[in-house]
Amino acid sequence: MAFVNIQNLRKTYGDVVAVNDVSLDIEEGEFVSILGPSGSGKTTMLKSIAGFVDPTAGSIVVAGNEMIGLPPEDRNMGLVFQRLALFPHMSVFDNVAFGLRHRENLTEAEMEERVAEILEIVSLPGYEDRNIQNLSGGEQQRVALARVLVLEPDLLLYDEPLSDLDRQLREQMRREIKDLHDRLEITSIYVTHNQREALTLSDRVLVLHEGEKIRYAPPSEIYQDPQSKFVANFVGDSNFVSVTKGQNGTVTFEDDDISLPMHEADADAATDLLYIRPEDITINPPDGERVFSGTVRSTVHLGSVTEYKIEVGGNEFLTTDLGAPQYTEGDSVTVRFEDYGLVEA
Ligand SMILES: Nc1ncnc2c1ncn2[C@@H]1O[C@H](COP(=O)(O)OP(=O)(O)OP(=O)(O)O)[C@@H](O)[C@H]1O
Ligand SMILES: [Mg+2]
């Protein structure tokens with residue numbers, strides 16, 4: 001059995017089905033993200049695992065032991081939330097040592113050693129006597145992590161831990177969490193509605209939508225083969241076009257005489273919806289196949305990339321290109337659809 005084995009987890013609040021029969025295996029040492037829009041049931045799942053929510057049905061087995069029925073303090077899990085709940089009037093040392101005092105019979109000297117080790121790991125060496133209130137947001141995050149890590153949990157649970165931080169700090173902490181996981185290899189579940197975090201941190205991503213498990217797969221697999229319109233749209237951006245399938249292995253855009261060769265993998269797909277990623281549209285390619293003429297409708301410079309909307313036939317396509325804008329509104333261009341696929345509507 002996998003290290004974490006969740007079977008048919010269900011939680012209802014009156015008529016609201018927050019989590020709808022979700023099953024999930026997590027191997028020891030894996031980093032798994034739960035990704036989904038607001039209200040999709042992410043926090044309810046995590047709190048069920050942690051023991052703060054009583055599931056309506058289902059089972060949660062960790063390291064061979066059923067968790068349902070056990071109080072949170074007997075589950076040996078570490079939680080890191082968006083609101084850190086550090087004790088502001090206590091020193092860094094007392095915050096980190098807090099759980100140790102309640103859990104184990106350690107001498108003061110042993111405790112000091114453990115805390116020093118952990119502060120080293122979260123890059124806060126020698127911070128023991130510092131006051132929580134005088135730490136930066138990122139430093140406070142690291143204290144929150146240290147407080148959890150010092151207890152050597154079987155499972156680390158994160159609920160949107162970075163969403164209160166500004167963009168730069170967020171990126172930095174994301175890298176630190178990844179680095180920490182690479183070093184300590186504690187099995188981790190990370191709740192986020194930020195696809196970038198989910199894709200970059202995780203071994204596997206669980207995509208939730210209205211309490212249901214939509215996909216559970218490695219990030220690259222989900223990105224390259226989204227299978228449904230919801231995933232194609234939520235994980236990365238996509239353009240969608242209704243198509244008709246021809247006999248000769250092509251798809252034709254509805255209302256347009258634009259035809260593209262169909263991928264073999266899509267030959268049997270029972271759907272008429274094509275998705276094209278913005279980065280899979282080349283503007284003004286050298287002449288060749290699958291090249292169509294269009295008109296630039298808008299240009300947005302985002303720094304390292306430029307986003308264009310280009311009208312081709314009756315459809316407008318979002319495309320991205322590296323670097324500063326090369327084209328402006330009204331320009332006539334050609335485009336090539338480099339890659340695309342069919343998804344369930
Ligand atoms: N204690 C509660 N009582 C009633 N309904 C609840 C309760 N907790 C959650 N819900 C409902 O369950 C659904 C899932 O909520 P949940 O907090 O798990 O979503 P989430 O994916 O974490 O969303 P967010 O990204 O906004 O944090 C929502 O419809 C929510 O309103
Ligand atoms: Mg939530």
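## Contact between α4 and α5

Gly137, Gly138 and Gln141 in helix α4 meet Leu169, Gln172 and Met173 in helix α5, where contact requires C-beta atoms, placed from the backbone, to lie within 7 Å, and where helices are DSSP runs (H or I, at least four residues) numbered from the N terminus. By class, the residues of this contact divide into two nonpolar, four polar and no charged, with Gly counted among the polar residues.

The model is a predicted one, in which local features need pLDDT of at least 70 and side-chain atom pairs count only at pLDDT 80 or more, while totals for chains, interfaces and linings use all residues. Residues are numbered from 1 along each chain as its sequence is written, and chains are lettered from A and ligands numbered from 1 in the order in which they are written.

## Helix geometry

The axes of α4 (residues 137-149) and α5 (residues 167-184) come within 10 Å and cross at roughly 30 degrees, which makes α4 roughly parallel to α5, a term for angles under 35 degrees. The angle is taken between N-to-C directions, from 0 to 180 degrees, of lines fitted to C-alpha atoms over the stretch in contact. The crossing of α4 and α5 is right-handed, the near helix being turned clockwise from the far one by less than a right angle.

## Surroundings of alanine 146

Helix α4 also holds alanine 146, which counts as buried because it has 23 C-beta neighbours inside 10 Å, the cut-off being 20 or more. Leaving aside residues up to four places away in sequence, alanine 146 touches Val96, Ile118, Leu119, Val122 and Leu124.

Technical notes
Helix = DSSP H or I, 4+ residues; strand = E, 2+ residues; numbered from the N terminus. Parallel < 35°, antiparallel > 145°, perpendicular 65-115°, else oblique. Contact = placed C-beta atoms within 7 Å. Buried ≥ 20, exposed ≤ 12 C-beta atoms within 10 Å, placed from the backbone.
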